[in-house]
Amino acid sequence: MTKTQWDRKLKKKLAPLGKDEQRRICDYYDELYNDKKDAGLSEEEILAEFGAPEEAAAKFIEEEGGKKDNGNPVARFFLAAVLFLFVGIPLLIVLISLAAVALAVFVSGFAVIAAGVADFVYFVVQMCMFGGSGAYVAHLGIGLAAVGIGCLLIPPFLFFTKKLFILCGKLFAVTGRYIRGKKKKEAN
């Protein structure tokens, strides 16, 4: 393993710490590396002394966890409660309103389709009973257009409802992680 690879792994494992703390730790290892290099040690020897980057990062994270309050669970709960009251409830009202609009678009789509089919059938019957005229043919076109418009209203409902559910899931996941005091895990 090279120094660059070791540094990359160390930075990845230090992700739970703040950026300033990560930089301070990396600077510490860079300075230590340069001192040992000046003393005549090879890169392999220095990295062997440093140990695995995972262990080095774990040591610093453990030290930081002991020194610093990682957030009082009671304080996090009260902050979450305040956020729920002043942000969550209005956001919930907006989401419910969006769901109602999406449901209305969905139902409207079927209503317009039904009206278009009824109009088309009515004027087919009128044409059969009283003979064809330009007005009846126009109404046949209007009925078919209404069916087409109704068919166009249904896909947006399905699309926006899916996006709404995904958004709600992400909001709940972020809120849950915050209340538990956990950060999102990085994919290895």
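Is Arg-8 buried or exposed? I looked this up before anything else, in a model that is predicted. Arg-8 has a relative accessible area of 55%, and exposed means over 50%, so Arg-8 is exposed. I placed the residue in helix α1. I then checked a pair that the sequence keeps apart: Arg-8 and Pro-53 are separated by 45 residues along the chain, and their C-alpha atoms lie 8.8 Å from each other.

**Entry: α1 and α2**

I turned to the helix that holds Arg-8. Two packed helices are described by the angle between their axes and the distance between the axes. For α1 (residues 3-13) and α2, I noted axes that come within 11 Å and a crossing angle of roughly 155°. Angles over 145 degrees count as roughly antiparallel, and α1 and α2 are therefore roughly antiparallel to each other. The crossing in which α1 passes α2 is right-handed. On the α1 side I listed Lys-3, Trp-6, Asp-7, Leu-10 and Lys-11 as the contact residues, and on the α2 side Gln-22, Ile-25, Cys-26, Tyr-29, Asp-30 and Tyr-33. Sorted by kind, the residues of this contact of α1 with α2 are 6 nonpolar, 1 polar and 4 charged.

**Entry: α2 and α3**

Next I took α2 (residues 19-38) with α3 (residues 43-50). At what angle do their axes cross? I noted roughly 135°, with the axes coming within 10 Å. That angle makes α2 oblique to α3. Here, too, I wrote down the handedness: α2 passes α3 in a right-handed crossing. From α2, the residues Tyr-29, Leu-32, Tyr-33, Lys-36 and Lys-37 meet Glu-43, Ile-46, Glu-49 and Phe-50 from α3. I counted 5 nonpolar and 4 charged residues in the contact of α2 with α3, and no polar ones. Tyr-29 and Tyr-33 of α2 are on this list, and Tyr-29 and Tyr-33 are also among the α2 residues that touch α1.

**Entry: cysteines**

How many disulfides does a search of the whole structure find? I got 0. I then looked up how open some of the cysteines are. Cys-26, one of the α2 residues in the contact with α1, has 10% relative accessibility and counts as buried. Cys-168 lies in helix α6 (residues 134-180). Its relative accessible area is 17%, and buried means under 20%, so Cys-168 is buried.

**Entry: Ala-138**

I went back to α6 for one more residue, Ala-138. Which class does Ala-138 fall into? Its relative accessible area is 41%, so I recorded Ala-138 as partly exposed. Last, I looked up how far Ala-138 is from Met-1. The two are 137 residues apart in sequence, and 79 Å lie between their C-alpha atoms.

Technical notes. Residues are numbered from 1 along each chain as its sequence is written. This is a predicted model: local features need pLDDT of at least 70, side-chain atom pairs count only at pLDDT 80 or more; totals for chains, interfaces and linings use all residues. Side-chain values use heavy atoms; hydrogens and water are left out. Axes are lines fitted to C-alpha atoms, for helices over the stretch in contact, and angles run from 0 to 180 degrees between N-to-C directions. Helices (H or I, at least four residues) and strands (E, at least two) are DSSP runs, numbered from the N terminus. Angles under 35 degrees count as roughly parallel, over 145 as roughly antiparallel, 65 to 115 as roughly perpendicular and the rest as oblique. A crossing is left-handed if the near helix is turned anticlockwise from the far one by less than a right angle, and right-handed if clockwise. Contact means heavy atoms within 4.5 Å. Ala, Val, Leu, Ile, Met, Phe, Trp, Tyr, Cys and Pro count as nonpolar, Asp, Glu, Lys and Arg as charged, and the others, Gly among them, as polar. A disulfide is a pair of cysteine sulfur atoms within 2.5 Å. Buried means under 20% relative accessible area, exposed over 50%, partly exposed in between (1.4 Å probe, protein chains only).
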